[in-house]
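Here is a short briefing for a reader meeting this structure for the first time.

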Amino acid sequence: MNLKFRNCCEFHTEMIDLEFIEKRYNIIFPEQYKKIYSDLFKYVNKRVISKDKELLCIMKYLNTSEIYSLKEDLFELMGYDIVPFADMGNEDYICFNFGKIIPSIDYWSYDLAMCSENAKDAVTLLFDSFEDFFNSLCI
């Protein structure tokens, strides 16, 4: 008998969707994000104008497997509330901050997380909501 085994991690990441992430981390993504999740990838390398009128360039939007992997790998630095969804390069991410009633959109810095004793020092508020973030995309 010739048995073929799948890599368990490969199989596992294929099964990850937004609902899985919501259940795993006990969060609820904003409805607007869920509705446009698959369309977000059309906006890769687009600029975002932050509240401070600073121009930010998104390298790529994360798929669900990448979100899950990053969350698992960086859990001790990000904590429960921070969930990345866009890669800014240099291991920095735009994230949902679920520590608020309406999740804000924050910039999370890997370097600041590594050199600070307080995880909150690595987080900078960008937008009060995902809707504000989405409306700031320079499309």
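The points below are grouped by topic.

This is a predicted model. Its chain has 7 helices and 8 strands, and of its 139 residues 42% count as buried.

**The chain as a whole**
- Among the contacts in the chain with a separation of 6 or more, 46% are accounted for by residues 24 or more positions apart.
- The accessible surface of the chain comes to about 8700 Å², and 51% of that surface belongs to carbon and sulfur atoms.

**The nonpolar core**
- The largest nonpolar core has 41 residues, of which Y33, F85, W108 and F133 touch the most other members.
- Strand β4, which covers residues 82–89, gives the most to this core, with 5 residues.
- When its neighbours within four places in sequence are left aside, F133 is in contact with V48, I58, Y61, F85, I94, I105 and F127.

**Aromatic rings**
- The count of aromatic pairs comes to 19.
- One of these is the pair of F96 and F98, whose ring centres lie 5.6 Å apart and whose planes stand at 35 degrees, so the pair is tilted.
- F96 is buried, with a relative accessible area of 0%, and F98 also counts as buried, at 14% relative accessibility, because the cut-off for buried is under 20%.
- One aromatic cluster is formed by F29, Y33, Y37, F85, F96, F98, F127, F130, F133 and F134.

**A charge over a ring**
- The charged end of K71 sits over the ring of Y25, at 5.7 Å from the centre of that ring.

Methods: Residues numbered from 1 in each chain as written. Predicted model: local features only at pLDDT ≥ 70, side-chain atom pairs only at ≥ 80, totals over all residues. Heavy atoms only, no water. Helix = DSSP H or I, 4+ residues; strand = E, 2+ residues; numbered from the N terminus. Buried < 20%, exposed > 50% of the residue type's maximum accessible area, 1.4 Å probe, protein only. Contact = heavy atoms within 4.5 Å. Areas by Shrake-Rupley, 256 points an atom, 1.4 Å probe, with all protein chains shown as cover. Core = buried A, V, L, I, M, F, W, Y, C linked by side-chain atoms within 4.5 Å. Phe/Tyr/Trp six-rings, centres within 6.5 Å; stacked < 30°, edge-to-face > 60°. Lys NZ or Arg CZ within 6 Å of the ring centre and 35° of its normal.
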